[in-house]
Amino acid sequence: MNAVDLIVAKRDGGELSDEEINWFIDGVTSGSIPAEQAAALLMAIVWRGMAPRELATWTAAMIQSGQRLNLSGLGRPTVDKHSTGGVGDKVSLVLCPLVAACGAAVPQLSGRGLGHTGGTLDKMEAIAGWRATLSHDQFLAQLAEVGAVIAAATADLAPADRVMYALRDVTGTVASIPLIASSIMSKKIAEGTAGLVLDVKFGSGAFLPDPADGEELARTMVGLGRSHGVSTVALLTEMDQPLGLAAGNALEVSESVETLAGGGPADLVEVTLALAGEMVDVAGLDADPEAVLASGRAMDFWRKMVEAQDGDPRAPLPMAPEVDHWTAPASGHISRIDALAVGVAAWRLGAGRARKEDDVSAVAGVRLRRVHGDRVSAGEVIAELHTDDPSRLLAAHEALSSALSISDTAPEPRRLIASRIA
Ligand code: URA
């Protein structure tokens, strides 16, 4: 087979055969297909899309490029959650111990953040001593003993995705529904979870801002999950404004711990409990996540989960040496705080990375003091900007310059959960 034939066929709107797809994914994984040819085919897919049969074969080939874990011997149902990512989205930190406290095993194999969206591993690494890397045996032992694991995905889990995602990241080929769906689902299916709840975001801070695209992505992923025997449900949730008050690694851990202690911002609690309810249902458990959260049992699971990975859940979180303020330019009601602008500001303050190799700051980020619906006066502090490098403040302020919408009348409440796709 010849990669140029596949590229030309897809470029001209043709369909690839199963043999061609399997050959291509094998070649990408082994490195026998050069990056420029792989990137050209990915770009042709961005423009031409994939037929359902092509996507099914493509995803199956990505799963088969590595190992598929078997979690069936754990003695309790397995269920995971995946979010398409957003600003201030620390839901996994609360959800993983909460759903474990409800009786499930939650195998959260996660990634690091890139660009304006934070990564779960970066957040957890703000905790003193915590380590993201576990061997397979350690991962399985923790899942059996604690029921909750957040850890880095190992290199043998869908390695085709690792190669293609790195290429897509630098060739403008991320934004494609079939490529995103196969990338996410190949990793989640290979992880071995029996159930999966997807949090598909829409709005300015999401990968796909248009809700119609989010819905199509959700339907595509639910279909892929089901066809591989994983019970999959998706919620389409709003990411037009940040979730909770904090965007930044240690700041988000602190807000998650507050939520596990029974407090936390109302929007974060609402989205977390909605997803937890879906996870408990998918796992076939008879538990009430709201009551479990209120009982403090989720906090016990959080501590065990952190300690199992050498973290100290009682150690104070690091704090930024420099805190500046972002203030309201006018008086009125806050009708919108743009999620993308806040994400970019947190990133510029040091919370995110521009390239995979970059380090992130544990302490940098944005903490909102006022949110949607609040009445504010001109000059009042809307948010704290945290950083360890004051030279970053100017760029963060620039990112926020048109982030705030202020109106004379109180805005409608936010509608956080737009739809459920099953
Ligand atoms: N997250 C993934 O894992 N893959 C994508 O393609 C996009 C987001």
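This passage describes the surroundings of the ligand and then a set of individual residues in a predicted model. Residues are numbered from 1 along each chain as its sequence is written, and side-chain values use heavy atoms, with hydrogens and water left out. Because the model is predicted, local features need pLDDT of at least 70 and side-chain atom pairs count only at pLDDT 80 or more, while totals for chains, interfaces and linings use all residues.

The ligand sits in the largest pocket. A pocket is found on a 1 Å grid over the protein atoms alone, as an open set of points with protein on both sides within 12 Å along at least five of seven lines. A molecule is said to sit in a pocket if more than half of its atoms lie within 2 Å of the grid points of that pocket. The shell around the ligand consists of Tyr165, Arg168, Ile180, Ser183, Ile184, Lys187 and Phe207; a residue is near the ligand if one of its heavy atoms lies within 4 Å of it. By class, four of these residues are nonpolar, one is polar and two are charged. In this scheme Ala, Val, Leu, Ile, Met, Phe, Trp, Tyr, Cys and Pro count as nonpolar, Asp, Glu, Lys and Arg as charged, and the others, Gly among them, as polar.

Two helices, α8 (159-171) and α9 (177-190), each supply at least two residues of this shell. Helix α9 gives the most, with four residues. Helices (H or I, at least four residues) and strands (E, at least two) are DSSP runs, numbered from the N terminus.

In Arg168, an N or O atom of the side chain is 2.9 Å from an oxygen atom of the ligand. A polar side-chain atom of Ser183 lies 2.6 Å from a ligand nitrogen atom, and a polar side-chain atom of Lys187 is 2.5 Å from a ligand oxygen atom. On its own the ligand has 240 Å² of accessible area, and the protein covers 90% of it. Accessible areas come from the Shrake-Rupley method with a 1.4 Å probe; for residues, only the protein chains shown count as cover.

Polar contacts also occur within the protein. A polar contact is a pair of N or O atoms within 3.5 Å; within protein, one must be able to donate a hydrogen and the other to accept it, and residues adjacent in sequence count only if both atoms are side-chain atoms. Asn249 lies in helix α11, and its side chain reaches the backbone oxygen of Ala351 at 3.3 Å. Asn249 is buried, with a relative accessible area of 2%. Buried means under 20% relative accessible area, exposed over 50%, and partly exposed in between (1.4 Å probe, protein chains only). Glu278 lies in helix α12 (residues 266-282), and a polar contact of 2.8 Å joins the side chains of Glu278 and Arg420. Glu278 counts as buried because its relative accessible area is 11%.

Ala250 belongs to helix α11 (residues 249-260) and is buried at 4% relative accessibility. Leu198, in strand β4 (residues 195-202), is buried with a relative accessible area of 0%. Gln241 is placed in the loop between β5 (231-238) and β6 (246-247), and its relative accessible area of 6% makes it buried. The C-alpha atoms of Gln241 and Gly203, which are 38 residues apart along the chain, are separated by 7.7 Å.

Two loop residues other than glycine have a positive phi. In Ala158, phi is near 45 degrees; Ala158 is in the loop between β3 (148-152) and α8 and is buried, at 1% relative accessibility. In Asp310, phi is near 65 degrees. Asp310 is in the loop between α14 (297-308) and β7 (322-327) and is partly exposed because its relative accessible area is 47%.

How values were computed
1 Å grid on protein atoms, 1.4 Å probe; cavity = no way out; pocket = protein on both sides within 12 Å on 5 of 7 lines; lining within 4 Å.
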